[in-house]
Amino acid sequence: MGILEGKTAIVTGAGRGIGKSIALSLAAQGAAIVVNSAREESCGAVADEINRAGGKAVAAAGDVGDAAVVERVVKAADQFGGASILVNNAGITRDGLAMRMKEEDWDEVLRVNLKSAFLLSKAASRPMMKATWGRIINITSIVGVLGNPGQANYCAAKAGMIGLTKSLAKELAPRNILVNAIAPGFITTDMTQKLTDDQKNGILSLIPLKAFGTAENIAGPVLFLCSPAADYITGSVIEVAGGMGM
Ligand code: NAP
């Protein structure tokens, strides 16, 4: 029997990459999963994979920067007894130097990466409050702590997630809802495949462990934060970045 038997987790952006690995790892510990991603074919395939392996999952596709979609995604958890875990993982980049950045690229990155986490936390914390048990985990980024040229919009959104994490942690602690963030460094996924070899080599030189991380390197700490071993941790930002944040 898994350590998350009886729990229900909503994982956004779980159609591939880090979110998919998180969804599979929570499902393997017995949690029922609401698998969200932008496209139906992507989150549908992950939900199928979990169900075929004997787990419980439902797909709830859609843009989590949209409040109506968020209501639908959170409602999808009701068939499994309501959300008890929320992983705000959906994210996009629209890179460019701030001097040349289009206003719509600023707005879109803030909407998808940050506003979505606010909307989802607000809606999903209702069933958690009722149960006086909940875990919210925000996937921010090491560049939200350090900054990064060419990513002013993304870094601002990820830094905003850290402020959101700490404020919600204080607001929700009396109801035993723990809110934490994980700040990945550079992880091999579709998002980082866009980088040129020169960019990748430049980044590698900044990582003490001299390697990019894997999606599983992030899923492990998420599982830890959902487990009883983390019952006294809230408002924390765990850097999972090969030492890049030092
Ligand atoms: P990815 O491979 O690009 O996957 C992104 C996922 O988010 C996809 O499943 C995509 O849906 C979904 N998505 C995109 N826009 C969405 C929206 N508006 N509503 C709902 N879902 C949406 O990204 P990743 O590398 O796994 O990154 C996951 C998270 O980790 C992001 O928040 C990212 O910022 C953060 N992060 C990544 C790294 C890294 O190095 N990779 C480092 C630090 C932080 P579809 O599959 O349907 O297209």
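Where is the place of Asn176? In this predicted model, Asn176 sits in the loop between H6 and strand S6, the latter spanning residues 177–184.

## Overall fold

The secondary structure of the protein amounts to 9 helices and 7 strands. Its radius of gyration is 17 Å, close to the 18 Å that the globule rule gives for 246 residues, so the protein is as compact as a globular protein of that length. Taken along the principal axes, the box filled by the C-alpha atoms is roughly 45 × 35 × 35 Å.

Of the 246 residues, 52% count as buried. When contacts between residues at least 6 apart in sequence are considered, 71% of them join residues at least 24 apart.

## Helix H4 against helix H6

Helix H4 covers residues 103–131 and helix H6 covers residues 152–172, and their axes come within 8 Å while crossing at roughly 15 degrees. Because angles under 35 degrees count as roughly parallel, that crossing makes H4 roughly parallel to H6. The crossing in which H4 passes H6 is right-handed.

On the H4 side, the contact is made by Asp105, Trp106, Val109, Leu110, Asn113, Leu114, Ala117, Phe118, Ser121, Ser125 and Met129. The H6 side contributes Ala152, Asn153, Tyr154, Ala156, Ala157, Lys158, Gly160, Met161, Leu164, Leu168 and Leu172. Sorted by class, the contact of H4 with H6 has 15 nonpolar, 5 polar and 2 charged residues.

## Helix H3 against helix H4

H4 also packs with helix H3, which is made up of residues 67–76; the axes of these two helices come within 9 Å and cross at roughly 35 degrees. The crossing of H3 and H4 is right-handed.

From H3, the residues that make the contact are Ala67, Val70, Glu71, Val73 and Val74, and from H4 they are Leu119, Leu120, Ala123, Ala124 and Arg126. By class, the contact of H3 with H4 divides into 8 nonpolar residues, no polar ones and 2 charged ones.

## Helix H1 against helix H9

Helix H1 (residues 17–28) and helix H9 (residues 215–226) pack at an angle of about 45 degrees, and their axes lie 8 Å apart. H1 and H9 are therefore oblique to each other, and their crossing is right-handed. The contact brings together Gly17, Ile18, Ser21, Ile22, Ser25 and Leu26 of H1 with Ala215, Glu216, Ile218, Ala219, Val222, Leu223 and Cys226 of H9. In terms of class, the contact of H1 with H9 has 9 nonpolar, 3 polar and 1 charged residues.

With a relative accessibility of 9%, Ser21 counts as buried. Leaving aside residues up to four places away in sequence, Ser21 touches Ala215, Glu216 and Ala219.

## Loop residues with positive phi

Asn176, in the loop between H6 and strand S6, has a phi near 60 degrees, which is a positive value in a residue other than glycine. At 31% relative accessibility, Asn176 counts as partly exposed.

Thr132 is found in the loop between H4 and strand S5, which runs over 134–139. Phi of Thr132 is near 40 degrees, again a positive value in a residue other than glycine, and at 42% relative accessibility Thr132 counts as partly exposed.

Lys130 lies in helix H4 and, at 79% relative accessibility, counts as exposed. The C-alpha atoms of Lys130 and Ala173 are separated by 13 Å, the two residues being 43 residues apart along the chain.

Glu239 belongs to strand S7, which spans residues 237–240, and is partly exposed, with a relative accessible area of 40%. Although Glu239 and Pro184 are 55 residues apart in sequence, they are 6.0 Å apart in space, C-alpha to C-alpha. When residues up to four places away in sequence are not counted, Glu239 touches Ile142, Val145, Ala183 and Gly245.

Note on methods
Residues numbered from 1 in each chain as written. Predicted model: local features only at pLDDT ≥ 70, side-chain atom pairs only at ≥ 80, totals over all residues. Heavy atoms only, no water. Axes fitted to C-alpha atoms, helices over the stretch in contact; angles between N-to-C directions. Helix = DSSP H or I, 4+ residues; strand = E, 2+ residues; numbered from the N terminus. Parallel < 35°, antiparallel > 145°, perpendicular 65-115°, else oblique. Left-handed = near helix turned anticlockwise from the far one by under 90°. Contact = heavy atoms within 4.5 Å. Nonpolar A, V, L, I, M, F, W, Y, C, P; charged D, E, K, R; others polar. Rg over C-alpha atoms; globule rule 2.2 N^0.38 Å. Buried < 20%, exposed > 50% of the residue type's maximum accessible area, 1.4 Å probe, protein only.
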